[in-house]
Amino acid sequence: MASAKPAATAHRSDSGVMERRAERERTRRNWLLSAPALALLVIGASGPLIIVLVYSFMTPGDFSGVEWTPTFDAWVQIFFTRDIFDDTLGLADAHLSIFWRSVRLSLLTTAITIVFGLPTAWFIATRPGRARTFWLFLITIPFWTNLLVRTFAILEMIRNEGLLNTWLIKLGVIASPLQIMYTDTAVLIGMAYVYLPLMVLPLYAAIERFDFRLVEAGYDLYANRLQVLRRVILPIVKPGIVAGSILVFVPSLGAYVTPRVLGGGKNMMIGNFIELQFGQGRNWPLGASLSIFLLLIVMVALLYYVRASTRGSSHD
Amino acid sequence: MRLSTLTMTAAALLATTTLSFAAGELNIYNWGNYTNPDLIKKFEEKFDVKVTLTDYDSNTTALTKIEAGGHGFDIVVPTGNYVPIYVEKGLLLETRPDEMENFKNVAPRWVDVPWDMGRHYTVPWQWGTTGIAVNKKSYSGDINTSAIFLDPPAELVGKVNVVPEMSDVMNLAIFYVGGEACTEDKEVLRKVRDLLVAAKPKWQSMDYGTTDKLKNGEYQATVNWNGSTFKARQENPDVAYGYPKEGYPLWMDAVAVLKDAKNVENAKLFQNFLMEPENAAMISSFAGYANGISGSAEFMPEKMKGAPELETPEDLQAAGQFLPVCPKSARDIYTAIWTELQK
């Protein structure tokens, strides 16, 4: 009895060792098998990002590139600036106003695309099968064309001698052309047009799954149209709205071509500001820290998305 | 007779040598919309070389890409003030254009230039001025002043474009308030900043593409380069060019061979080829700027002869000056002012 016990323990631990060895073997094999994918991920995704991160802690080189002297300057410079005249360190209001413009225009773009995207997606989702494919196809057509070309198409429409102004003048609505080009309005029109499909597609996906009997149920329970929209449709379509908003907000925030072409370059957005650092400004570290900063804003937006969508599903 | 013997010899050579040797290559890295395709074709046919042309849009882009290596270019055409940077960084090959056959055609003014004394590295491409272009229909006053964009007359308020070329614009403004190129004088720069910030609401845009927009009347006035203005005037006779009397930048682009060029002999042939008056004239007739080669004028199209954009009036010649590349300390201040301007 006394001797049997240790024997049993020994046996148990023996099989435990074997099991552990097999386990270790399996882990190693899994690592080995996934190594190519991991390498690709590390080199392809994290690698460049790490270079950007490292550069953001360096000193700007004389003409381009960086000198390998570590410093936090580039990060401090995002928010604070040494006044060029009295040399005091103060809040970089020029930078803040550029960030604010980017966020404001991106939020407005998102709002505009929701207002136009929701009815569009609803319309498509409520067509019969074949027609639905056709309408979706139309939505994807702009993707075939280069962003720059699409932006120039908008330019042709809204410029002073463009389609819109020519027609309005011919119709006698206005006497002299509306100055739309080179304003924030022009940037908004351009971004809303370019990113609208990114809103319509996730919205369509959400509405397509929508059970229309719920609307009937809502009416049966004496809800008016507005109440059905607010209390029945919107909560169910919400994940689509959030996904679409992220898809529109993120590229809007980093937009470069549209503000440059339609905004006339007078007022920068973050994208243009970053370009200035790598180009004429020749301050690569600041450009790098700004890029990471932009990435952080995007991550905050994504975290919000994850939280919003999980909260939505826990309600179900 | 001699020609036919030469052709025969060439044919014999072609027959005996490998194909890759006969069909040489040359990779040119130059500003966009700047190189006459006919000039390239002529060079290709004359020397049996296949030329590949790649564009860049700014000196910094070109320098950054070349410094990074692995670009495969043989020839680059930086602005004069960038040449010392290339030389200092050891990026250029000392091809000694001054010992080449056609060097005798380089106008004396362009032999001892500050960026390449005695021309050991570079051959002139084109030179020009940064000034003001105005549509005379909108404004008939004096246009030989930077006030057109720094303190626009009532007729031009809201109709002026400023090219987003930091060095040109900053120095035009510095000259306007009486400072010197690349100044770090705080008093001068404070005036410059206040001047630019106050002028900006009166600008229509800060954009490139000035040739087309002057042509179609989108811009009534803009900071512009002389050759671009010349091109615009060919299709819109109301466009006129002004040389700011307060001071304006001069520049010259220079053709250099890169140290890691793979087709050095062809690149040298190209440098020599460009110093032939007839070929230099082809550069100018395409882009609309003057070149530095004596005797090229007679090969240029009639419309370029005596063009006001190409011939600076005598009393305004002294106001033009070549810009050095400003030191980093000055550039940092300029970037800060530039950012504040576009915030």
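What follows is a chat about a predicted model with a chain A and a chain B.

Me: Before we start, what should I know about this model and its numbering?
Reply: This is a predicted model, where local features need pLDDT of at least 70 and side-chain atom pairs count only at pLDDT 80 or more, while totals for chains, interfaces and linings use all residues. Residues are numbered from 1 along each chain as its sequence is written, chains are lettered from A and ligands numbered from 1 in the order in which they are written, and side-chain values use heavy atoms, with hydrogens and water left out.

Me: Thanks! How many residues does each chain bring to the contact?
Reply: Chain A brings 32 residues and chain B brings 40 residues. Contact here means heavy atoms within 4.5 Å.

Me: And how much area do the two chains bury between them?
Reply: About 3,100 Å², with 52% of it on carbon and sulfur atoms. Buried area is the accessible area (1.4 Å probe) that two parts lose on being put together, summed over both. On the chain A side, A:Phe85, A:Lys266 and A:Gln280 supply 25% of the area that chain A buries against chain B, more than any other three residues.

Me: How many salt bridges cross over?
Reply: The rule finds 2 salt bridges across the interface. A salt bridge is a side-chain nitrogen of Lys or Arg within 4 Å of a carboxyl oxygen of Asp or Glu. A:Asp93 forms one with B:Lys343, the closest N and O atoms being 3.3 Å apart.

Me: How many residue pairs are in polar contact between the chains?
Reply: There are 12 residue pairs, both residues at pLDDT 80 or more. A polar contact is a pair of N or O atoms within 3.5 Å; within protein, one must be able to donate a hydrogen and the other to accept it, and residues adjacent in sequence count only if both atoms are side-chain atoms.

Me: Which helices of chain A touch chain B?
Reply: Helix 3 (93–125), helix 10 (257–261) and helix 11 (270–278) of chain A each supply at least two residues of that side. The largest share, 6 residues, comes from helix 3 of chain A. Helices (H or I, at least four residues) and strands (E, at least two) are DSSP runs, numbered from the N terminus.

Me: Let's look at A:His95 in helix 3. Is it buried or exposed?
Reply: A:His95 is buried, with a relative accessible area of 10%. Buried means under 20% relative accessible area, exposed over 50%, partly exposed in between (1.4 Å probe, protein chains only).

Me: What does A:His95 contact?
Reply: Leaving aside neighbours within four places in sequence, A:His95 is in contact with A:Gln77, A:Ile78, A:Phe273 and B:Thr339. The side chain of A:His95 also reaches the backbone oxygen of A:Gln77 at 3.0 Å.

Me: New topic: where is B:Asn81?
Reply: B:Asn81 is in the loop between strand 3 (75–76) and helix 5 (83–88) of chain B. Not counting residues up to four places away in sequence, B:Asn81 touches B:Leu323, B:Pro324 and B:Val325. A polar atom of the B:Asn81 side chain lies 3.1 Å from the backbone oxygen of B:Leu323.
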